[in-house]
Structure formats: C-alpha cells, structure tokens
Amino acid sequence: MASSFQTPRKTLIHSKSGLRIVATNEELKSPFIIPEPEWISDTDVTNCSICKVKFSFITRKHHCRRCGDIFCNTCCHQKLKLQRMCFIDPVRVCNICAPITASENEFFDHHLKILTNGATLVLESSKIIKTTSDVLQIKLASDHKHLIFEGVSLAPLDIRSITYVEVVKDIGTDLWSVVIEFDMGMKTKLKLACAAELANRKSGYSWMFALNQAFKLLNH
C-alpha cells in the first residue's frame, strides 16, 4: 500500500525572498508546506508593526518572509530556516514569527522523521474493525498525507481528516495512549497504546507526541 503514495518531484524557483525547492505538482505537495505570504506594500506603512518607530532614511523597512509585514531592523533582524515555505537558506523573520518558525523547524527536523520512521503500537479500540488488542505498525507515508497501518485491516488514513488528537496517560499505569478522531463522512475514533510488553516503548511515545505536533501544525 505504501508504494502507491507519490513523493512529488521538486524544482528550484527564485522568489523575491530567496531560493526555494518546491513540488512541481501543487496537488502532491506536503500538507505541512504553506505558501509565501503577499508582501505589504512599502507605501502603505510608515511605522514598524511591532515597536511603532517611524521609518526614515536611517531606520529602514524590512519585510518578514513568514508573515509579509514590515518592521524595523531591531524587530526583524533574525535569519532562520523557513522549512514550511521550502527556502534553501535562512531568511529574515520578525520577532513575532521567530518563535513560531523555530517550533516549526523542530517539527521538520525531529518530529516529521519520527512519524515517517513509524512505531509499533497496540490497537485498543476502534469502531472500524472488531479486534482485541492487535499489535500494528503505523507510520506517515512518504507523501506526508496518509497514516499507513500494517498488521491490521485498516485502510490508510488521510491525516487531513483528523479532527482531534490527544495523548493520555493510562490511569494507574506508566503507559501512554493516543486517541485519534477523524471524519470521513462520519466521526470515528481510534485508540492506540504503548503496551507494557512491547520492547521499544520509547519510540511509541515519541511517535504519539510527534503526531500530536503534526495535528497542531495543520490546525493552528
């Protein structure tokens, strides 16, 4: 099943903000990628959007590459990787967007790799199939759009249909579970757990928290 998901071909483009490597087919791009913002016109702004200092020959205007707004150098001096927009080199971001960008970069550098590597979990409950604690392997497909299940008769799940994710600690134990609610015509829930007998519970925990971060990124 995993082989049916296409990894998009990519091309190098030059925008006014810098070089980007983007999918040649917009429909195949990762759902975690967002487009460049429209830049606010220089003529529309006379003061920094954060500190309100008035622009002059000495106090120059700078566009944040993430939000497109205009700031002074003090409020827009940081240069960070902007992986959600596929920039090759670090670009200028404002003091508001900097912590957001840093959090997004952590997802791309760490959590996304955990999701695509996958984990071994236990399916504790599901309205889709009748089962009793089946061990399964779950991972994010190479297209970054689908969760793939191996070991149980579950079809790939489009992550864009997920409406709710919660990582919970099971009462009276040191074990964790993740509840996934999704809507594909009707709302359905899955509960996946790290079982005590699984050899590598740490990777299971990491995968659950990475999925939670992915859900937040797609919905905030």
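**Ground rule**

Buried means under 20% relative accessible area. I kept that cut-off at hand for the entries below, and I kept in mind that this is a predicted model.

**Entry: Ala98**

I began with Ala98, which lies in helix H1. Is Ala98 buried or exposed? The relative accessibility comes out at 5%, so Ala98 counts as buried. Then I asked what Ala98 touches, leaving aside the neighbours within four places in sequence. The contacts are Gln78, Leu80 and Val93. I also checked the spacing to Arg66: Ala98 and Arg66 are 32 residues apart in sequence, yet their C-alpha atoms are 8.9 Å apart in space.

**Entry: stepping back to the whole chain**

Before going on to other residues, I looked at the chain overall. I found two helices and 13 strands in its secondary structure. The C-alpha atoms fill a box of roughly 70 × 40 × 35 Å along the principal axes. How much of the chain is buried? Of its 220 residues, 46% are buried. I then took the contacts with a separation of 6 or more, and 46% of these come from residues 24 or more positions apart.

**Entry: the two helices together**

Two packed helices are described by the angle between their axes and the distance between the axes. I looked up both values for H1, residues 97–117, and H2, residues 201–219. The packing angle is about 135°, and the axes are 9 Å apart.

Which residues of H1 and H2 meet? On the H1 side I listed Glu104, Phe107, Phe108, His111, Ile114 and Leu115. On the H2 side they meet Ser206, Trp207, Ala210, Leu211, Gln213, Ala214 and Leu217. I sorted the residues of this contact by type and got nine nonpolar, three polar and one charged.

**Entry: the nonpolar core**

In soluble globular proteins, nonpolar side chains tend to be buried together. I went looking for the largest nonpolar core here and found 39 residues in it. Which of them touch the most other members? They are Phe32, Leu147, Phe149, Ile162 and Trp207.

The largest share, eight residues, comes from H2.

**Entry: Ser177**

Ser177 lies in strand S12. I read its relative accessible area as 0%, so Ser177 is buried. What does Ser177 contact beyond its neighbours within four places in sequence? I wrote down Glu124, Glu166, Val167, Val168, Asp170, Lys191, Leu192, Ala193 and Met208.

**Entry: Ser161**

I turned to another serine, Ser161, in the loop between strand S10 (157–158) and S11. Its relative accessibility is 11%, so Ser161 counts as buried. Leaving aside neighbours within four places in sequence, I found Ser161 in contact with Glu181, Phe182, Asp183 and Met184. For Met184 I also noted the spacing: Ser161 and Met184 are 23 residues apart in sequence and 6.4 Å apart in space, C-alpha to C-alpha.

Glu38 lies in the loop between S2 and S3. With a relative accessible area of 73%, Glu38 is exposed. Its contacts, apart from neighbours within four places in sequence, are Cys67 and Gly68. I checked Arg65 as well: Glu38 and Arg65 are 27 residues apart in sequence and 9.3 Å apart in space, C-alpha to C-alpha.

Lys52 is found in the loop between strand S2 (18–23) and strand S3 (62–63). I flagged Lys52 for its backbone, with a positive phi of about 70° although it is not a glycine. Is Lys52 buried or exposed? At 53% relative accessibility, I put Lys52 down as exposed.

**Entry: Cys86**

Cys86 has a positive phi of about 70° and is not a glycine either. I located Cys86 in the loop between strand S5 (78–80) and strand S6 (91–93). Its relative accessibility is 17%, so I logged Cys86 as buried.

Conventions. Residues are numbered from 1 along each chain as its sequence is written. This is a predicted model: local features need pLDDT of at least 70, side-chain atom pairs count only at pLDDT 80 or more; totals for chains, interfaces and linings use all residues. Side-chain values use heavy atoms; hydrogens and water are left out. Axes are lines fitted to C-alpha atoms, for helices over the stretch in contact, and angles run from 0 to 180 degrees between N-to-C directions. Helices (H or I, at least four residues) and strands (E, at least two) are DSSP runs, numbered from the N terminus. Contact means heavy atoms within 4.5 Å. Ala, Val, Leu, Ile, Met, Phe, Trp, Tyr, Cys and Pro count as nonpolar, Asp, Glu, Lys and Arg as charged, and the others, Gly among them, as polar. A nonpolar core is a set of buried Ala, Val, Leu, Ile, Met, Phe, Trp, Tyr and Cys residues joined through side-chain atoms within 4.5 Å. Buried means under 20% relative accessible area, exposed over 50%, partly exposed in between (1.4 Å probe, protein chains only).
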